[in-house]
Amino acid sequence: MTVSPHFLSETTPPAAATTEALGTLYGISLGPGNPDWITRGAWRILTGTARWAYPVRKQGGESVALTIANRAGLTTPADAIELHFPMSHDPLVLTRAWARAAEAILPTLLAGRDVAVLVEGDASTYATFQYLAAAVRERAPRIRVDTLPGVNSFTAAAAAAAIPLAAQEERIAVLPANYGLSLIETVLPHFETLILLKVKPLWPTLVAWLSERSLLAHALLAERIGMPDERILRGEALHDLADATLSYLALLILRNPNATPVGERIRGCRKKTAASPRTSVTVPASEAKPHESHAAVASPRNPGPQ
């Protein structure tokens with residue numbers, strides 16, 4: 001069973017309908033690890049008056065998002081709220097966790113204070129924040145939600161490895177690897193670049209699959225990108241790691257040399273329009289300058305007298 005959040009665009013009220021007394025719920029994208037990737041917009045909110053909230057997988061455990069903020073030199077406020085989001089595929093467990101988190105931050109929002117939810121990576125890409133925001137809006141529809149974009153893990157990995165994700169009109173697909181090899185095999189022929197997230201559960205099988213298809217030379221593994229212990233491996237080096245237990249924060253970038261060619265592309269040129277008719281305007285002799293003709297031609301560059 002797949003649990004999807006309601007689209008916030010369908011429920012977020014127009015600015016005029018927002019009550020000033022209510023706080024704003026911010027999704028603060030922090031990037032995947034390097035504090036230098038925190039945007040100025042995120043920094044402004046984090047150093048303002050908003051109350052922080054940060055996710056943990058285990059109660060009292062480490063928060064990757066909070067660690068990124070701390071590495072940037074920001075001190076965790078004393079009133080920061082810990083939000084527990086367990087690592088589970090059970091829809092009931094997840095729904096209850098989102099509800100508890102929403103109830104934890106709602107009193108602050110209803111009291112008129114902003115809440116800044118720290119998000120590792122980008123808050124719009126496979127982030128728990130979207131589910132939390134939907135749960136908040138279900139309980140208080142007038143709460144304004146503002147998502148601040150950030151660097152995501154796969155663009156950061158490509159930059160760190162100095163490889164392109166796409167050139168000119170190449171195609172990119174982004175998939176969670178835990179959907180399995182069947183979907184990967186279906187999608188791969190149609191894309192020059194395949195990005196697989198959450199490769200940990202499939203890793204030994206994935207390495208064997210890449211080797212069988214002679215694709216190891218075109219694959220790159222990025223683990224905990226932007227963190228002090230980040231690891232980037234490519235090619236045959238992945239064989240040596242086949243039996244290793246990877247971090248949850250591991251992804252694979254595969255450049256596909258066998259992508260199926262596409263047909264004729266639709267070009268984005270504007271349709272040429274017929275030239276405007278040239279209109280003659282007679283200038284009275286009394287107004288003409290000595291070096292000017294008594295006739296002026298109106299054109300796009302010379303529109304004539306205004």
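The legends below describe close-up views of a predicted model.

**View 1. An open sheet of five strands.** The strands follow the order β3-β2-β4-β1-β5 and pair in parallel. Strands β3 (81–84) and β5 (144–148) stand at the edges; each has a single partner strand, so one side of each is left without a neighbour in the sheet. From one strand to the next, the twist averages 25°.

**View 2. Pairing of β2 with β3.** Strand β2 covers residues 51–56 and runs parallel to β3, to which four bridges join it. Within this pair, Y54 stands opposite E82 of β3.

**View 3. Helices α4 and α5 across the sheet strands.** Helix α4 (residues 91–110) lies across β1 (24–29), β2, β3 and β4 (115–119). The angle of helix α4 to β3 is about 160°. Helix α5, made of residues 129–139, lies across β1, β3, β4 and β5. Helix α5 runs at about 180° to β1.

**View 4. Y126 in the loop between β4 and α5.** Y126 is not a glycine, yet its phi is positive, at about 50°. The relative accessibility of Y126 is 46%, so this residue counts as partly exposed; the class lies between the cut-offs of 20% for buried and 50% for exposed.

**View 5. S214 in the loop between α8 and β8.** S214, a residue other than glycine, has a positive phi near 55°. S214 counts as exposed because its relative accessibility is 59%, and exposed means over 50%.

Technical notes
Residues numbered from 1 in each chain as written. Predicted model: local features only at pLDDT ≥ 70, side-chain atom pairs only at ≥ 80, totals over all residues. Heavy atoms only, no water. Pairing = 2+ DSSP bridges. Helix = DSSP H or I, 4+ residues; strand = E, 2+ residues; numbered from the N terminus. Axes fitted to C-alpha atoms, helices over the stretch in contact; angles between N-to-C directions. Contact = heavy atoms within 4.5 Å. Buried < 20%, exposed > 50% of the residue type's maximum accessible area, 1.4 Å probe, protein only.
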